[in-house]
Structures are given as C-alpha cells and as structure tokens.
Amino acid sequence: MNIKNQIAELFRAGVASPENMLNGVVDYDFVCADILIEMSIDILIEELGSLEEFYKIFDSLVDMELALEAA
C-alpha cells in the first residue's frame, strides 16, 4: 500500500473513532496526532520528503470530509 493510501486509511479510522470526538464533533488535531504516532514522523519524512507534504495530504482529507458532511 502506498503512503498516501495508508494516511487516508488511518484518517478514516481516526474520524470514525469516538476517542477523537469532542461534544459530538471530530477534533482533527487528535486525528492528525493519531496518524503521526501510528506512522511515525521519521517514516513520513522519509516517504514524503517533509512534514509539510504530510500536512498538505492531511488538509486535503479534512477538506473532503467537511465537504461530505456539508452535503
């Protein structure tokens, strides 16, 4: 599985986890932290070149999730 798919899979799991909800709303900071812990920052940097690249992917996943919620 490629790194972007791994991030997306962990993102979906994080969004679905009740542990990442505050007052019934997903806390995306918790989801992000879960991904960083699960994958390790070193692996993300090695695979993507920088954490900035990870955050671009993460932000696009958040944008898609929010768009789906609004629909």
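Start your selection at Asn-23, which sits in the loop between S1 and strand S2 (25-26); helices (H or I, at least four residues) and strands (E, at least two) are DSSP runs, numbered from the N terminus. This is a predicted model, in which local features need pLDDT of at least 70 and side-chain atom pairs count only at pLDDT 80 or more, while totals for chains, interfaces and linings use all residues. Residues are numbered from 1 along each chain as its sequence is written, and side-chain values use heavy atoms, with hydrogens and water left out.

**The loop residues**

Stay on Asn-23 and look at the backbone: phi is near 55 degrees, a positive value in a residue other than glycine. Most residues other than glycine have a negative phi. Asn-23 is exposed, with a relative accessible area of 83%. Here, buried means under 20% relative accessible area, exposed over 50%, and partly exposed in between (1.4 Å probe, protein chains only).

Now select Ser-40, in the loop between H2 and helix H3 (41-48). Ser-40 also is not a glycine, yet has a positive phi of about 80 degrees. Its relative accessible area is 27%, so Ser-40 is partly exposed.

Next, go to Asn-20, in the loop between H1 and strand S1 (21-22). Is Asn-20 buried or exposed? Asn-20 is buried, at a relative accessible area of 3%. To see what surrounds Asn-20, leave aside its neighbours within four places in sequence and show Gly-14, Val-25, Val-26, Asp-27, Phe-30, Val-31 and Asp-34, with which Asn-20 is in contact. Contact means heavy atoms within 4.5 Å.

One of those partners, Val-25, lies in strand S2. With a relative accessible area of 54%, Val-25 is exposed. If you draw a distance from the C-alpha atom of Val-25 to that of Asp-63, 38 residues apart along the chain, the separation is 15 Å.

**Helix H1 against helix H4**

Colour helix H1 (residues 3-16) and helix H4 (residues 51-70), whose axes come within 11 Å and cross at roughly 45 degrees. That makes H1 oblique to H4. Axes are lines fitted to C-alpha atoms, for helices over the stretch in contact, and angles run from 0 to 180 degrees between N-to-C directions. Angles under 35 degrees count as roughly parallel, over 145 as roughly antiparallel, 65 to 115 as roughly perpendicular and the rest as oblique.

H1 passes H4 in a right-handed crossing; a crossing is left-handed if the near helix is turned anticlockwise from the far one by less than a right angle, and right-handed if clockwise. To display the contact, show Lys-4, Ile-7, Ala-8, Phe-11 and Val-15 of H1 together with Phe-54, Ile-57, Phe-58, Leu-61, Val-62 and Glu-65 of H4. By class, the contact of H1 with H4 has nine nonpolar, no polar and two charged residues. Ala, Val, Leu, Ile, Met, Phe, Trp, Tyr, Cys and Pro count as nonpolar, Asp, Glu, Lys and Arg as charged, and the others, Gly among them, as polar.

**The aromatic rings**

A search of the whole structure finds four aromatic pairs. Zoom in on Phe-11 and Phe-58: their ring centres are 5.6 Å apart and their planes lie at 75 degrees, so the pair is edge-to-face. Rings of Phe, Tyr and Trp (its six-membered ring) pair if their centres lie within 6.5 Å; planes under 30 degrees apart count as stacked, over 60 as edge-to-face and the rest as tilted.

This pair links distant parts of the chain, with Phe-11 in helix H1 and Phe-58 in helix H4, 47 residues apart. Both Phe-11 and Phe-58 are buried.

**Helix H1 against helix H2**

Bring in H2, which packs with H1 at an angle of about 135 degrees, their axes 9 Å apart. That makes H1 oblique to H2, and the crossing of H1 and H2 is right-handed. Select Ile-3, Gln-6, Ile-7, Leu-10, Phe-11, Gly-14 and Val-15 of H1, then Tyr-28, Val-31, Ile-35, Glu-38 and Met-39 of H2, to see what makes the contact. This contact has nine nonpolar, two polar and one charged residues.

**Last stop**

Finish at Ala-33, in helix H2 (residues 28-39). Ala-33 counts as partly exposed, at 31% relative accessibility.
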